[in-house]
Protein chains: 2
Amino acid sequence: MDKLSTELDHNADDTAPRWQRRPEDRPTEILDAALLLFSEQGFARTKLEEVAKKAGVSKGTVYLYFESKDALFQAIVRKYVTEALLQLREIVRQHTGTSESLLRHVMELIWTSMRNEGKARLSRLVHSELANFPDLARFYFAEVVIPSREMVSEILTRGIQNGEFAPVNPDLVGRTICVTLLQWASNQRYLKQFDSMHFSDDEVFAGVSDLLLRGLKTGAVRAQRD
Amino acid sequence: MDKLSTELDHNADDTAPRWQRRPEDRPTEILDAALLLFSEQGFARTKLEEVAKKAGVSKGTVYLYFESKDALFQAIVRKYVTEALLQLREIVRQHTGTSESLLRHVMELIWTSMRNEGKARLSRLVHSELANFPDLARFYFAEVVIPSREMVSEILTRGIQNGEFAPVNPDLVGRTICVTLLQWASNQRYLKQFDSMHFSDDEVFAGVSDLLLRGLKTGAVRAQRD
DNA sequence: CACATTACTGACTTGACAGTTATTAACTGA
DNA sequence: TCAGTTAATAACTGTCAAGTCAGTAATGTG
């Protein structure tokens, strides 16, 4: 009665091990569980015992793979964030076409990648906790923020040189574009519940990207269309 | 040797009270201290004993004026945020002129008010902790986000009607404007230290407001300039 | 089947900190 | 000046969660 097995193997008494040794899989499972809980409840309010439970291990096991709660958090960011960025980089490398179409494409990629619940959560989590983890903040800037901005800056610079875009400051505008998209993405996921006014994801992206691109494009090019 | 007085009255043994009763001033002093510490260290990592010390009282006194640590945090937001918003409202009410100049004026106001260290800290703090305080989030949206957006929306709507602005979605763009400014303001104060690339406050404001206004203004008006 | 190895457990220790309370000292005013 | 009132203190309690460790069960090896 008091013996509860979680899964299907619940009456194979003889050859059923009480647990399995899977040192390869544990780290990933723990990281996934931690990301979910941290992003739902915040870092400080999440107990390691909960993380362990969700990952299907005991608390001690968590400490077998991660030095401390802080280290666990840093590992999450290192893993998932850089992963997302690499993906983006690859696609930019392959693209050919006008600066506007490339920029629009990159914006779409950022946006659609943020429709992934997990990534949106992570982005929000990181920005919330950044102030509490100076080491992490340094890493995050060096490995994520600056490379992203440079990527977008480069597109902008090319567009400015060939006259497609107005002569804005590419670094500043690059960062503005990234931040605006990320911010809206996390709003759409988390703050919806408190806001009486809902926009669909498509509406938001169309509105924001139009506003930004209209601001960027030169009068010359826009005159062509009219 | 071991008797330390904090202030000037440090050898007036006879008529020097060990403390004063100042029930009028305590709440404000405690709120100020708490805002400073919360925004420096985050809510969870700040101890009430530190807050008390910084406010020049004992921990017990804090509980004389605030029910709990959570209540203290909510009181901070209720006080400072609504205060800032009222100020903004008044100025909009008085303005006359084109929609563009009014919008630019409002953007300037948001921006300059965020150059105030305390307000920038508060803004960052609120957005970080919002997920952990559903009650507060509801309040913040009802009393701050929605009214702000409505204020800006109204300006945009007028500008669209009289042909100054392109027919964007005013609510969506209104929120985008607010969020972009706030986000940049808090970047300028807190994330500077991690970023190799610095922009001056003026540069940022000029760049961002130009980008947004260029995006808003109709081709017709811009064509006039060329 | 021994026997060594190591992944894993869960009860325990420890420290920290939110919140309480018994007590004291400052003020008030008759 | 001496009650009565209340602002303020500081030592205390209870709880909760991070981190530890001695032991146990799974697995690999000869």
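## Terms and model

Two residues are in contact here if their C-beta atoms, placed from the backbone, lie within 7 Å. Helices (H or I, at least four residues) are DSSP runs numbered from the N terminus.

The model you see above is predicted: local features need pLDDT of at least 70, side-chain atom pairs count only at pLDDT 80 or more, and totals for chains, interfaces and linings use all residues. Residues are numbered from 1 along each chain as its sequence is written, while chains are lettered from A and ligands numbered from 1 in the order in which they are written.

## Helix H1 of chain B

Let's begin with helix H1 of chain B, residues 26–41. The expected span of a helix is 1.5 Å times one less than its number of residues. For the 16 residues of H1(B) that gives 22 Å, which agrees with its end C-alpha atoms being 22 Å apart. After H1(B) comes B:Gly42, with a positive phi near 85 degrees.

A residue is buried if 20 or more other C-beta atoms lie within 10 Å of its own, exposed if 12 or fewer, and partly exposed in between, with C-beta atoms placed from the backbone. Among the buried residues of H1(B) are B:Ile30, B:Leu37 and B:Ser39. The buried residues of this helix pack against H2, H3, helix H4 (69–94) and helix H6 (117–129) of chain B.

## Where H1 meets H4 in chain B

The axes of H1(B) and H4(B) are 10 Å apart, and the two helices pack at an angle of about 100 degrees. Axes are lines fitted to C-alpha atoms, for helices over the stretch in contact, and angles run from 0 to 180 degrees between N-to-C directions. H1(B) and H4(B) are therefore roughly perpendicular, a label for angles of 65 to 115 degrees.

On the H1(B) side, B:Leu31, B:Ala34, B:Leu35 and B:Phe38 take part, and they meet H4(B) residues including B:Phe73, B:Ile76 and B:Lys79. By class, this contact holds 9 nonpolar, no polar and 1 charged residues. Ala, Val, Leu, Ile, Met, Phe, Trp, Tyr, Cys and Pro count as nonpolar, Asp, Glu, Lys and Arg as charged, and the others, Gly among them, as polar.

In chain A, the 26 residues of H4(A) should span 38 Å, and the end C-alpha atoms are 39 Å apart, which agrees. Its buried residues are A:Leu72, A:Phe73, A:Ile76, A:Val77 and A:Ala84. Their cover includes helix H1 (26–41), H5, helix H6 (117–129) and H7 of chain A.

A:His95 sits in the loop between helix H4 (69–94) and helix H5 (99–115) of chain A. A:His95 counts as exposed because it has 11 C-beta neighbours inside 10 Å. Not counting residues up to four places away in sequence, A:His95 touches A:Leu102 and A:His105.

## The two chains together

Between the chains, 37 residues of chain A are in contact with 38 residues of chain B. Helix H7 (134–161), helix H8 (170–191), helix H9 (201–216) and helix H10 (219–225) of chain A each supply at least two residues of the side that touches chain B. That side of chain A has 18 nonpolar, 11 polar and 8 charged residues.

## The DNA strands

A residue is near a strand if its C-beta atom, placed from the backbone, lies within 6 Å of it. DNA strand C is surrounded by 24 residues, and the closest are A:Arg21, A:Val57, A:Gly60, A:Thr61 and B:Pro17.

Notes
Parallel < 35°, antiparallel > 145°, perpendicular 65-115°, else oblique.
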